[in-house]
Amino acid sequence: EPTNHLDRESIEWLTKHLLSLTGVTMGIVSHDYDFIDEVCTDVTHYDNGGQLGKPCRFVYYPMTFSEFQKLKPEIAAGLPRIDSGPPKSASQPASEVSGSEDVSELSESMSSVSVSESNASEGSGLSTTLAKVDEMIAAGLILPMNFPDPGKPEGIRTFRKPVMTLKKCSFKYPETDRYILKEVDATVTLGSRAVIVGGNGSGKSTFLKLLIGDLEPEEGQGEMWKHHALRLSYVAQQSLHHLEDHVTSTPIQYLQARFRQGLDAEVAKLKSIALTDDEKAEMEKGSAIYAIVGRTTKGNKPWYEFQQRGKMKAETQSLPFAEIQLRFPPYVQKLIKNYDQKAQAIESGMAIRPITEAEVLKHLGDFGIDQQLAFGKIRQMSGGQRQRLLLFAGVLAKPH
């Protein structure tokens, strides 16, 4: 997938570079059909004829992708694409393709698909596509993913109320003076379905890491806030590389290790949660706060109960979060976030749900990972199957 993390200008450069090479052979796996149509001279289709359990084989077509599309429209129509339509011909630029022509091409390319009269009467390319997907799911050719219902966080009654905010946040990496982000504002609600677009190096991943707490803003520059009961999951751009440390484990073993203590070990690694060695040393001093032991809500504001050095464990004190922010060192906020994470695990059932082989196996099926894959080594899984495993791990704690 050479184009996965490249913006359009970078893909255009890569295309020209590859076309300039002579005397070389390239084998490319990609879902960017415009790219492979421009670069590739031959197509191999890996297929089992739609028969479950039958081994796949390579079928070789000495032609460009657009020629393959015309020869095998039923195959091209079933391939994944961002706009859910079939790959366009390279001879027809995207700017010349209208929405109505897209629908027409989609309908023509799926003319061999049998759909119900009710779906056919709708007469839209989208309904035909959905009918095709439904048929393939029913036939077992597509394995759906079933996401759990997380409910709403405590105190959040509508989908319009903010659950995460950034205010005037700036960020730069320690080794540079250039700010990647400058005075950024953002608000996230439970109704948000947001995509972050921009060129390579524009700060998309940095912004997302800042928002979810994997990075922290420059000291004294901006405010970050997350609802105390919000359960969060983060599937990073490099998440597949993370699995390389577990390729000799089975998916079941990987999940049992990641959630062994009832908490997602990956979320605990976020910089806004993980305590540094210096912060751990600071907790040992004088009357330092060393544990958060309770949380209540007063006037819609969270109050936290804590223990301090030099006092009996039963001698606890409670203060509102805003006051704790002002009076105590920043590490105390990390203790609070760790406490919130444990409370969220209890609320989701993760902390009390058994991470047994049978329990994990039951839920893996919701993401199209069958018993054969579940008991095999991760190194034997394809890239797509590994991505399903990571998505499943991400939703196991029922994130909002």
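Is R309 buried, partly exposed or exposed? R309 counts as partly exposed, at 24% relative accessibility. Buried here means under 20% relative accessible area, exposed over 50%, and partly exposed in between (1.4 Å probe, protein chains only).

1. Basis. This is a predicted model: local features need pLDDT of at least 70, side-chain atom pairs count only at pLDDT 80 or more, and totals for chains, interfaces and linings use all residues. Residues are numbered from 1 along each chain as its sequence is written, and side-chain values use heavy atoms, with hydrogens and water left out.

2. Salt bridges. The whole structure holds eight salt bridges. The criterion is a side-chain nitrogen of Lys or Arg within 4 Å of a carboxyl oxygen of Asp or Glu. Helices (H or I, at least four residues) and strands (E, at least two) are DSSP runs, numbered from the N terminus.

3. E284 and R309. Their side chains form a salt bridge at 3.1 Å, N to O. E284 sits in the loop between helix 11 (277-282) and strand 6 (289-298), and R309 in the loop between strand 7 (301-308) and strand 8 (317-320), so the pair ties together parts that are 25 residues apart in sequence. E284 is exposed, with a relative accessible area of 54%.

4. R295 and D340. The closest N and O atoms of this salt bridge are 2.7 Å apart. The pair links distant parts of the chain: R295 is in strand 6 and D340 in helix 13 (residues 331-348), 45 residues apart. R295 counts as buried at 18% relative accessibility. D340 also counts as buried, at 8%. E154, R295 and D340 are linked in a network of salt bridges.

5. E323 and R327. This salt bridge has its closest N and O atoms 3.0 Å apart. Both residues lie in helix 12 (residues 321-327), four residues apart, about one turn of the helix. E323 is partly exposed, with a relative accessible area of 29%. R327 is partly exposed at 49%.

6. Backbone. Most residues other than glycine have a negative phi. K168, in strand 3 (residues 162-171), has a positive phi near 50°. K398, in the segment after helix 16, has a positive phi near 55°. K168 is partly exposed at 47% relative accessibility, and K398 is partly exposed at 27%.

7. Helix packing. Helix 10 (residues 251-258) and helix 16 (residues 383-395) pack at about 30°, with axes 11 Å apart. Axes are lines fitted to C-alpha atoms, for helices over the stretch in contact, and angles run from 0 to 180 degrees between N-to-C directions. The two helices are therefore roughly parallel (angles under 35 degrees).

Technical notes: Angles under 35 degrees count as roughly parallel, over 145 as roughly antiparallel, 65 to 115 as roughly perpendicular and the rest as oblique.
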